[in-house]
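Please read the points alongside the sequence and the coordinates.

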Amino acid sequence: MISVIESQPAGSGIDLVKQVGEIFSPNGLLSRAKNFEYRPQQQQMAVAVARALEAKEHLVVEAGTGVGKSIGYLVPAILFAVANRKKAVVSTHTINLQEQLVEKDLPMLAKILPVKFSFTMLKGRQNYLCTRRLHKAMQQADSLFTSPEVEELQRIYEWSKRTEDGSLSDFDLEPDPKVWAQVCSERGICSPKICGYASEFGKQNGICFFQRARSRILSADVLVLNHTLLFTLLGGMDEEMDGGILFKNDFVIFDEAHNVERVASRHIGLSVSSGQLRFALQRLWNPRTEKGVLATLHRGAPVKLVAELFEATDKFFVELEEACEGLARDNVATRRQNSTESPPSTVVLRRTGRPTDGRTWTELRIRRPDLVRDNVTLPIQRLREAVSELIKSSEDTDTGQELMECNRRLSELREAVVVFLSQSADQHVYWVERTGKTQKNLALNAAPIDVAEYLRHRLFGADTSVVMTSATLGTRVGQASSLSQTKREIAKESETGATPVLRRDALDYFVRKVGAERAVQLQVGSPFDYERQMKLFVVNKMPDPREAGYHDALIHWIEHFVKMTHGKAFVLYTNFKLMQEIGERMQPWFDKLGIECLVQGTGTPRSTMLEKFKADVDSVLFGTDSFWQGVDVPGEALSNVIITRLPFAVPDHPLIEARIEAIEAHGGNSFNEFSLPEAILKFRQGVGRLIRAKTDSGIVVVLDNRVLTKRYGQLFLDALPQCPVEIV
């Protein structure tokens, strides 16, 4: 992972901004790389990142598809990190991008850049095997595991002798979660003192895999991780880091930054499920198998407390579901009585979109404390006290540490239940969620209604730079969308030394919702020639979805435009039920045409659908939410994107409803301030699926005439790059 290059040393007095500008120039250092193509937008972005790092400023930069964002921020980040002995933390949303950075982009830069640097991927510690815990589990296997689980433990042991990095990704077939939980690295159990290089165990049995990874992490110049892990780590820190975000000397770059708010909301709130509680208890004692940590100690009293807590937990979640069903019934009855009334103040429910054993909701908002009687937190506390006594009397240090970790987890779960039932966290929204394939795992959730204040404080209030970038952050297209305009901006920048801020209002919505108001804002456009590569069709004669002829009109126009490209189309929906109905009605037509139509939600996994679509060039894919973004299909296979409806979000998730309420409560207009900009951003993402390379071409079809008939419609058209438009 480390490239050794004899060249100019880092920090030798070269001006970083000038150096980065030269590296990205037509004859610069990067021109030596394979497939390098001078892109002024990429150069402009890289210079802006360099300037922000040098000045300890924050930067929000929208860089259109094809700019080469990752190289645009990696080069200045690496040079700055090495020269200033800092750590570049790069956070992404998808695994695909993480793998691209670590397996392709960073190794390529290690060969080209005039500095030596190291990089690694940061995974959650529970992804790694702790060899000391494995060693102990092997000794206590009969007390901890059933016979099949002992065989699984043996498989993990055999794997441990040949694995490279000791992480879950190195398995061909991932292990049983229950067994893995007993041997993976955990806070409080796996530490440098007892598992690391200086430990007795390490000297005799080899270093724990996580401690090896930790050593690489601490010494790396560039760390790559995902948003979920970043916010999990950030939320678990007791105090703010001086001069950094996660480390004392770091700066953070968020790629795929349009997902930051959603991920942050989820991971700085709380969530406790029936499954989590059962898992935590079974680690101590499983009444069915009579296995667990307590089985190694042969103590009856704590075992009895665990059994009682299992019973109390089951009763608690049964009563919780009954209370939620009652709220849901009340809500439905109220809607039937008066369809014009808004939902009652007790609940908002989100329907699943498909029948699941009669369960009609997946998320249910809870507006009042003490929804059900608390019969679990006191038994949890009693169990924790009993376990604490065992820890004091334990003669085995390892077992004592296992018990301490069990107690810590029980404490976290207990606190989450207390906060949820009391609704004590200020400015949070609370809801119950059904999860799992059978919708039988109930989870209590709470999240801040507005994460901007938290991010403003923990990210943008830090004494270091934060950079956020994505292809879609603005509600309008940047002015520097053409090649000639971008060249003029760069020339102007060279003369004045200032970073151009393009259509500042275009990024205002994004920066407000992530608390980045103090950041420099920049849009650099795309190098693609949309005038030549893309054509937009808008259907003017579409009826309203509430009218009788809507389904027939939808089918007619989908057929019309699918014929135009002989398949090769994404048909994007905002309504799951409608998508399935249209898919079923159109199946004979697709069969007659000899085109396969792949419909989301009919049993085929999303990733498999996408691979089938890519392999069969003429196929058509019907998709909802997850196909509007993060999907990359370059080439002829995707030549047509049909948008059936403008993607206005239905306020069916408690978090969305609470945000709308908060805007209205402050005298704002929730449509203009939330619903409209969110819909425009998603619309841009959907259209962005089409042109992924300079050789791509195709059509975008909008089957929603509101872009022509409503006052806000022009805003959707303004959000797209300039291209030919035909109204039909």
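1. Strand E14 and strand E17 (residues 640-643) pair in the parallel sense over 4 bridges, where strands are DSSP runs (E, at least two residues) numbered from the N terminus and two strands pair if DSSP finds at least two bridges between them. Within this pairing, Ala569 stands opposite Asn640 in E17.

2. This is a predicted model, in which local features need pLDDT of at least 70 and side-chain atom pairs count only at pLDDT 80 or more, while totals for chains, interfaces and linings use all residues. Residues are numbered from 1 along each chain as its sequence is written, and side-chain values use heavy atoms, with hydrogens and water left out.

3. E14 (residues 569-572) also pairs in the parallel sense with strand E16 (residues 620-623), again over 4 bridges. Here Val571 lies opposite Phe622 in E16. Ala569 and Val571 point one way from E14, Phe570 and Leu572 point the other way, and all are buried (under 20% relative accessible area, with a 1.4 Å probe and protein chains only).

4. An open sheet is formed by 7 strands in the order E3-E4-E2-E5-E11-E1-E12, with parallel pairing. Strand E3 (119-121) and strand E12 (520-523) are at the edges with a single partner strand each, so one side of each has no neighbour in the sheet. The twist averages 15° from one strand to the next.

5. Within that sheet, strand E1 (residues 59-62) and strand E11 (residues 466-470) run parallel and are joined by 4 bridges. The bridge partner of Leu59 in E11 is Val467.

6. Helix H12 (residues 227-235) lies across strand E2 (87-92), strand E4 (222-226) and strand E5 (250-254), running at about 95° to E4. Axes are lines fitted to C-alpha atoms, for helices over the stretch in contact, and angles run from 0 to 180 degrees between N-to-C directions.

7. Helix H5 (residues 131-139) and helix H17 (residues 397-422) pack at about 110°, with their axes 11 Å apart. H5 and H17 are therefore roughly perpendicular (65 to 115 degrees). Arg132, Arg133 and Lys136 of H5 meet Asp398, Thr399, Gln401 and Glu402 of H17 in this contact (heavy atoms within 4.5 Å).

8. Helix H16 (residues 377-393) has 17 residues and reaches 25 Å from its first C-alpha to its last, close to the 24 Å expected at 1.5 Å a residue. Its buried residues include Ile380, Leu383, Val387 and Leu390.

Definitions and conventions: The expected span of a helix is 1.5 Å times one less than its number of residues. Buried means under 20% relative accessible area, exposed over 50%, partly exposed in between (1.4 Å probe, protein chains only). Angles under 35 degrees count as roughly parallel, over 145 as roughly antiparallel, 65 to 115 as roughly perpendicular and the rest as oblique.
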